[in-house]
Structures are given as structure tokens and as C-alpha cells.
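Morning, everyone. Please have a look at the sequence and the model on the screen, and I will go through a few places in turn.

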Amino acid sequence: MEIFDYIGAIFSVSNLTVLILATAGGLILGALPGLSPTMAVALLIPFTFQMDAATGLVLLGAVYTATVAGGAISGILVNIPGAPANIATVLDGHPMAKKGKATQALHFCFISSFVGGIIGVLVLIFFTPPLAKLALRFGPSEMFWMAIVGVTVIGTLGSKSVVKGLFSGVLGLWISTIGISPIFGESRFVFTDHLTGGVHIVVALIGLFAVPQIYQLLVTSRQKSSGGLFATEKTSLLSSIRYNLSRFKALTIGTLSGVIVGIIPGAGGQIAGLVAYDQVRKFSPDASKFGHGEPDGVIAAESANNAMVGPSLVPLLTLGIPGSPTAAVLLGGLLINGLFPGPDLFTVHAQVTWTFIGSLLVAQVFMLIIGLALSRSSSYWVMRVPSQYMAAAVTVLAVFGTYSIQNSYSDVVLMLVLGSLMYVLNKYGFSAAPIVLGIILGPIAEDNFSMGKMIADVGDGALPYFLTGSVNLVLIFVCVVSIGYSVWVEIKQRRQVAPGMKRSAPGTRVAAIGAFIASLVVWGMVMSADGSQAYDFPFLLAVLMFAFAAILLIDTLRMWARQKSGPGLVEWSDLGMGIAVIVGYLLIMQTSGFYLASWIAFSAIVLFYTTDINRQKTTRIVLVSLGFMTAIYVLFSLSLRVITPGFF
């Protein structure tokens, strides 16, 4: 193999130093909500200007690999995925942590990421030419159905009700259409200036996952202010390795899913993890364990999103077509160094290319070692933090992480509004994961739907174009099977309820009526567009939303007599002060400055939610808040160069 001719360059002092530092930094960046792999790689491209081409690509490749795995840290520990690729990991990773198995969950994360990552890079090395040909078979119709598969899979997994999950997924797709149409340039659903730029993916990710978690932490701190988030159990690393490697089926399904999805241009790690999670759940003898702390869910999801990294570079290096959003940023790194995708990369620039690819293998080893070291200390640096301190820290991190995306105050407002609505929706059985994935995959689905429709209009029409072809039929079959299987499981679970028992379905009536009203509102906005082509895709979504809402309402009415009214949102009495602080934080941050406002908000949240306050506790609050804000200043202002408004 040609790679062995350049193995010495990989282990040079400069490249090895960059690999270690980039892997450690990537794990930390990946764990911060808002700093996705794409953003991390983009932020580091300027640092490569002073490096030679090989070292610069080694830096970017190591950060790419590490941030994908690092995003699972915050997902497992505080239920906030560091990146879209880690959404599936949260479904079982955080429940494991709540059972005291946080360290074990992190062990599984890094071990399975290592296995998947190594195999993914080997696929990149050995199978680049044939996989590049397969990637070319995905046109607009295939990419449209690929996006729909992703939403369908998570829609049937993210909620106990299949209909609620699918409604949530379609709602996310609709949210993605807010703003300016990328193809027709027309403004859609913009009823406030804050929506002019649409809803950014990372804004939605932070808002829908982080803000409900903040509110839950505040409720927890009011109910039990002395403890940390949850207890932890000691876990042997060797036992975790043995168990992880024994889960051959989960590792195989995850790795294969990551490889297949990785080579599809534009799909990304979020689809890989969700497809793997869905498949391992379907092949499990007891699917009911998933969502409640099933290790196979973590193993499959993390092996998939890391196995995706190598194959996502196949179409990039051979055809110039990125296999993921982060690979698209890497393409910029290649072009900046005068490297153009194609045969020349493996002939004229063979040393640079093979050094880069080889470094991805070595990066997997460093990611495993450093990640396992972080896992051992997780119970000390997160688990023992009192809930009110964690809530305050996550609030500030969410605000800075959101603002740093586009330096937009509107993004911060949208993040908090979306998150507050999600907290209410959670109470009525809706899940954040389908909504987030809908927002992520919405642009992919709409762009390819619009392009496919244009192609179909000069051919045989839209229906034959989207409903024929071997790849299309396979993807449609996957959608139907995914929905059908989930409906069958839900019906089976309903029948297991004793005939004489009343089903307790808290908030089901309110959820059904609210979903139906929301679908009517969306329908009305779409129909007022006077037939503009920019509303073709939103019209399709409005039809689906109305259909799912109607099914949910009919089901609710049918079971009305057997349902008991659920409890109200009693937590609002515990959240009043926290919400007031956060609203005040929003109002003063632009005038008083982000750092001063953040320090005040951090201190106020901890102060109001700490019982038996005294001089010693007050002093500790002041010192901790000052130390935390100093770390935030070093990270965002000095390291990432985020410019915030205000005089301080």
C-alpha cells in the first residue's frame, strides 16, 4: 500500500504534536454546546496558514474526528448533544448517566467511536474508487428521500407516540423553511425581524436541548438543592472494554450504517447515528429497553457517527463533493493549500494526501486514550456540581455558544424562545430530537425537492421522477418499514394494558388539540402565498402536518373516556424566578455588555436557587461566578475571537 511509503511523515515531531493537541482540543470543543465539528474546523482553518499543507490538514482532520466523539460528553452528562451527530447518543446515553452509569456510557462512547473510526478510515484507504462511483448515483430525488428517511427514523424513535414523533419531525422541516427561500429568494413566514435570517441549525440544537435542561435543573435544585445532578457508580475500564467488544451486533450495525451514510454527499453524522440507532433497536429482542439506558443504543450511535468520518472524505477527495458539512469546510482547507480534488491528490500531492489520511488513523488512537481519561474524571468535574450552578453555567454557555455562530442577538432570542416552547412540548409527550433533525435536514430535503421538481417538469412529471428508480424505491421501502414497525410496536404495547384499567395519558387532549390548531395556522399561512413556487415544499409539509394532527386528534377522541387528566405544569411555580432572571439577562446584555450581564445572571440564578443562604455561601457564589466568567472570556474572546456588543 502506498500509505506505508509516507508513514514516517505522520510520526514526525511536528505532526505528532499537532495530532495530540488537536485531538485533546477537539474533544473539549466538541463537548461545548454550539461548537459543532463544522464550526470547530472552520475556526481553525486560519491557524493552518502558517503551517505546511500536510500539517495543516493533520490539524483539521484530528479536530474533525475528535469533535464528533467529544459531542457525546455533554450529551451523556447533561442531555445536551454537543453536535447534531450526537443526537442519537443522547437517547440512551443520558438515561444511563441518570442511573449512575455516566462513566460507563462515556467508556462505550469512546471505545465504539474508536472501532467505528478505524474501520471508516480503512474504508477510505482501500475502497475509495468504488465508493466514489456509488456516491455519484445519488441525485436530487435520492437525496430528498434520504432526508425523509432521517426524519422518519427519528420521528418513530423520539416519542412514545409514533404520530407525535412524525408530527414533530414535519414541524422541524417547516421551521427550516422560515426565512428567505434559498432557490427563489422569497421571504417566507417572517412575522418578526428576529426571523429574517431563518432558524440556524445550531441555534435550534442549543435551544431545543439546552433550555429545557436548564429549566429541569432549576426545578431539581428547588426540590433538592444540596446534591449534584445524580449519583455515579465506579466502573472498571476493562469490564467496559470487554462488554463493548462483546456487543458485536451493535458495533457492526453502527459501523456499516456510518460507512454507507458517510459516502452519500451531504448526509452527515446525524443521519448515520440515527439510522444505526433505529436498526439496532429493530434487531434487538427487547426494543422497549431503548430510550431507558440501553448500552447498545450508545454503542451503535457512536460507532456510526465516527465510522462516517472516513467515508465522508471519499467523494470529497475523488470528486470534490463533500460527504458531510464538515467535509465541505475541509474542502476549503484543501483549496487554500492549492490542493484540488481528483487524481492529482494521489499522484502529484501523494505525500500530503497519504499523510493526512494516515493521521486520521493515529488520531483515533489518541481520541481513545484522551477520551477514556476524561471519562474517569467525569464524576468529579460534572456530576458533583450542584444543580443550580450547572443551570447557571449551561445558561451562559448556551447564550455565548449561540451568539458566536453568527454574532447575532436575534439568534439568542430565538434559542431561548424555542427552548421554552420545547419545555412545554416535552410535558405533552413531544420530543426535541425529531424537531431538531427536521430543521437540520429541511434544507437538504427542500433544495433537492425543488431541483427534482424542475427536472421532472421537463420530463415525465414529479411522481415518476420521485417514485421510480432502484435507490428511490429502497429508501421509500425503508421509510414504510420504519413507520410500520413502530406503529405495530405501539399497538402491541397498547393491547398489553389490562382491559379494565384506565390509561393515564397526561396532556394527551391538550397535545392533540394544540397540534391540530398549529397545523391549521401553518396551512393558513401557506394558502395565503398565492401559489408561489417558493411555497411548494411548505405546502407539502402543511398537508402532512394536518394529516398527522388529525390522526392524533381522532385517536384522542376515540380514547377520551379511558383517559385521565394529567397533572398541570406544576413546575412553573419553581421556575418563576429563573425565568425572570433569564428574561432580564436578555434585556440588559446588549447595553451592559455580555460579560457583565452574564456574571449578574449566573450569580442571580445560583443565589435565588440556593437554600439557607449565608455569608460563606454568598462568598463562594461570587468567587465561582467570577472564575467561570474568566474562563468564558478566555475561551470566547481570547481564543475564538468572538466580539460581543456592550461596553464590557
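Phe 189 counts as buried, at 7% relative accessibility; buried means under 20% relative accessible area, exposed over 50%, and partly exposed in between, with a 1.4 Å probe and protein chains only. This is a predicted model, where local features need pLDDT of at least 70, side-chain atom pairs count only at pLDDT 80 or more, and totals for chains, interfaces and linings use all residues. Residues are numbered from 1 along each chain as its sequence is written, and side-chain values use heavy atoms, with hydrogens and water left out.

Where is Phe 189? The loop between β2 (187-188) and α10 (201-223) holds Phe 189. Helices here are DSSP runs of H or I with at least four residues, strands are runs of E with at least two, and both are numbered from the N terminus.

Most residues other than glycine have a negative phi. Phe 189 is not a glycine, yet its phi is positive, about 55°. Asn 407 also has a positive phi of about 55° without being a glycine. Asn 407 sits in the loop between α20 and α21 (409-427), and is partly exposed, with 40% relative accessible area.
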